[in-house]
Amino acid sequence: MCGIAGILYKDTVAKADIGKALISMLDGCQHRGPDSTGFALYHDAVPGQYRLRFIVDEGDDIAAAIDDIKERLAEFQAQVIDEELVGAGFRLDIRFDGDLQKLAYEMEHAAKLSSIGESLDIIKDVGGAHDIDDVYSVARFQGTHGIGHVRLATESDVAPEASHPFWATGFADIAIVHNGQITNYYKMRRRLEKRGYFFNTDNDSELIAVYLADKLKNGVTLKDALKATIEDMDGTFSFLVSTKDEIGYAKDRLAAKPMVKYEDDNIIAIASEEVSLNKLFPGRALDTSEPAPGTFNTWQRSISA
Amino acid sequence: MATIDLSLTPVRKANELIRQYGAGGEDVQILNPDARHHIGVGLTHPIKVTVRGSAGYFCAGLCDGPTFEIERNVGWGLADNMLNGTVIVNGNASAIPGVAVRGAEVIVRGNVGSRAGQVMKEGTLLCAGNANFMAGYMMYGGRMIILGNSGAQLGQDMTGGAIYVGGKINDLGTDAMLTDLPADELQELMEFLDKYKVSFNGTFRKVVNAGKKLKYARSEPRVRVIPFFEASGDNDYWNAKVQEDIHVKAQIGRYRIRGYGTSRALPHLSDLAFKRDLSAIPADPDVVGKVNMKTEIGGRSGANPIKLSMPVMIAPMSYGALSKSAKLAMAIASRLSDISENTGEGGMSDEQREEANQLIYQCLAGRLGWNIHDMQRANGLEIYISQGAKPGLGGQLMAKKVTPEIAKIRGIPPGIDLRSPSRHPDVLGADDLVIKVEEFREATGYKTPVSVKLGAGRVRDDIKIAYKDGFDFVELDGMQGSTGAAGNEVLEYVGIPTLAAIQEAMDALKEVGGDKDMPIVLMGGIKDGADAAKAIALGARAVAVGTSAIIAGGCIACLQCHVGQCVVGIATQDPEHEKRYNIQAEAENTHRYLESLRWQMAAIAHAHGYGDIHDMSRGDLVALTPEAAEITGLPYAPEYRNRTESLLVAS
């Protein structure tokens, strides 16, 4: 139960104020979800350099958990460039050129890994958009695109790890924000687990992320993967997905969850409510449209070679 | 013309100003709306409001009389439940524009989102562009004009009214059909388009209800009355009631609809006992004066709380299921005992409003009888999500009871087997519900408490959502509650017992830290002061009585409420039957019964040494059965089974 927002700057210059834009958009729909807020932010990748975020529990165990994380990284010959303990999280920047999925699964067992990517950085915690910004300085983030989420916890706990966005556990640079409920969750999850995928939470949004990542890994385009989602997933959903250079949406056939988009030459912005889009353009009546039920689409950055 | 700049003035303040300008007859323009929600909600004066930009959810919602013009787009629920007036949107409208309108003219020059005109009753909704999925879903009346194309399932489950489509029709929904368009009707359409300067050169096709689902093929037969004890208790195998179910199904060939609640023995408050041996304590004739029973409910958000002389309410029962006379008697009894009455689904009558001191107004998914004027004269509002007797299902009112008068109040065609929708058009999740609650607060100036009625199902999650969505209180209804009509198997086998419901609710509230500030009113099989005192000891702030209140007022518990020919004049709309009901006498009977609850609760609290009924706590209770102990976590103490728990015996 929540609100979602996403924005992509189409031009190749990759220094847009993504953090600020998403803070405004999420603040605009905070009424839809006061429990927690999260951001998936993308900047231009430095090949071989990854950012990892872990959720660390409070207490004396933090030091031990961090030691454990570093020890395992060392086993994988990952080189730590930078680290920071902030809010409920521990951030690490590393250089790594081995098997990323293997590393990711290994790190999962060491601690609660909430994000991994060359471009992607997921910042999420309990509280509102501005609360998160106060702790994590989201407004300073400059980049290319991002998605965000405000959450009203209904069936699972209010905790940083239950917040969105979700990354596709095991896959770098894929994130998802979702409003709705996947009703064939366990059936779909069991299918993916049988094929060796690992789930970090019981949240249905993580399922969508892993489902999409699996398709992408097998060479399916994001667009086709979204199309398959509408076929395969039951329930009510409106979600946004982002990869290194794309952003996309899918909406269920019953259109039970809201979504509205605005597009011009420079940006594509999508949100649960127009009030979030208007936060980007105060005082301006926007030419918006609503995606139809059972539809999907993707937008790509115009990357120069 | 006055100007309000929403970049400077919050919507809540702006709406106060708009109403003031309305009272003074001055038009208003809104600058920098930036798609904010609730612009102009609750306006009952015929002024013009111009929104210079886009508006968010529920723009022009719950209004009567004004004219709105919105320069660009609007969000969900445009002109929600609008009675009279005009709304013009120059851009697009999101989902459910014109939801539940009752006379207004709503014009959208762009496209409209899903479920346009859902449960609309009267008036016109014009979409000059294309309409999305399920336009006219469950509409009861009025007309919808779509100049462009219409999406899938047009007119799904529509009951009345007409839809005119100028473009392509994707497909028709269940029970909708194409029909001829008479020339005079076409003429009226063209005049309407001219009035709003909308041009159209195509050909209209008309869609109406096909009439295949409006009534059950066969009605339930009347059956002889079986004593309730033969239908209940331990003997629930081939008992008289089970045989009767089979006989009825043998005649109608489908599931059986009947009144009342479950007849099965379920864990209940009677499976708990007070630890203290109350029989040993002499009754004090003045006990009522020695225990504070006054209870306020609903002040959590700063609204004026409902003030009760004791922690008891009359449970929601509709005018429709019950006769007007029976509803009046309930209102009078509530006044005599200084507690609250509840309208139930069927709207509010002037007489009921006059008789009841404290009246809660219930809002259901079909918005039957719902309107801004009654909202503003209610003491509390209640959003019905579901009911303990049939969680997840809408109400049923069989054709015999859908008289012209009932149909008029509810805004539906007369003589249909009314199956009320189970799902609110604008509440598809906790996130939408937040915005709905805010709309109600805006419409009533934040003065009236807004509550939610939950049929016990997924209690733990639902209570947490209710708490987070800011409801002032919750009416929690367990499986032992009754209803005017529902499927027999639903009554018997769906639902969560009242005892389990209150326990889960209190556990959930503790988990989110809300056990002190969001009161629970427990209902579903509360039959005496001992039940009420136990409910309060378990954490309920008050109880509500429905079935026991109408039994006190003459109901003979024959389970035939759905038939509409109630022999005592309670569950009927037939004037001949209703004549048998003596309003004043039954009001007094019900009042005396309510006073017995007061006396019993006071006596129980007093015997425990408490000066306030709310001093009762879990520590005062034990469980008499392993099941009740498991459900409540109270100590299992079978040795208490033989003890008298009521002071009635001791006195």
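1. Start at Tyr42(A): its bridge partner in E7(A) is Leu120(A). That pair belongs to the link between strand E2 (residues 36-42) of chain A and E7(A), where seven bridges join two strands that run antiparallel. Bear in mind that this is a predicted model.

2. Zooming out, E2 and E7 sit in an open sheet of six strands in chain A, ordered E7-E2-E8-E1-E14-E13, with antiparallel pairing. At the edges you'll find strand E7 (120-126) and strand E13 (260-263) of chain A, each of which pairs on one side only. On average, neighbouring strands of this sheet are turned by 10 degrees against each other, direction ignored.

3. Then look at what H1(A) does: this helix packs on the sheet and touches strand E1 (2-9), E2, strand E8 (145-151) and strand E14 (267-271) of chain A. The direction of H1(A) makes about 150 degrees with that of E1(A).

4. H1(A) also has a helix partner. It packs with helix H4 (residues 129-136) of chain A at an angle of about 150 degrees, the axes lying 8 Å apart. Angles over 145 degrees count as roughly antiparallel, so H1(A) is roughly antiparallel to H4(A). From H1(A), the contact uses Ile23(A), Leu26(A) and Asp27(A); from H4(A), it uses Ala129(A), His130(A) and Asp133(A). By class, that comes to three nonpolar, one polar and two charged residues.

5. On confidence, chain A has a mean pLDDT of 90, with 96% of its residues at 70 or more. Among the elements of chain A, helix H1 (residues 18-28) has the highest mean pLDDT, 97, while helix H3 (residues 100-110) has the lowest, 82.

Technical notes
Residues are numbered from 1 along each chain as its sequence is written. Chains are lettered from A and ligands numbered from 1 in the order in which they are written. This is a predicted model: local features need pLDDT of at least 70, side-chain atom pairs count only at pLDDT 80 or more; totals for chains, interfaces and linings use all residues. Side-chain values use heavy atoms; hydrogens and water are left out. pLDDT is the predictor's confidence in each residue, from 0 to 100. Helices (H or I, at least four residues) and strands (E, at least two) are DSSP runs, numbered from the N terminus. Two strands pair if DSSP finds at least two bridges between them. Axes are lines fitted to C-alpha atoms, for helices over the stretch in contact, and angles run from 0 to 180 degrees between N-to-C directions. Contact means heavy atoms within 4.5 Å. Angles under 35 degrees count as roughly parallel, over 145 as roughly antiparallel, 65 to 115 as roughly perpendicular and the rest as oblique. Ala, Val, Leu, Ile, Met, Phe, Trp, Tyr, Cys and Pro count as nonpolar, Asp, Glu, Lys and Arg as charged, and the others, Gly among them, as polar.
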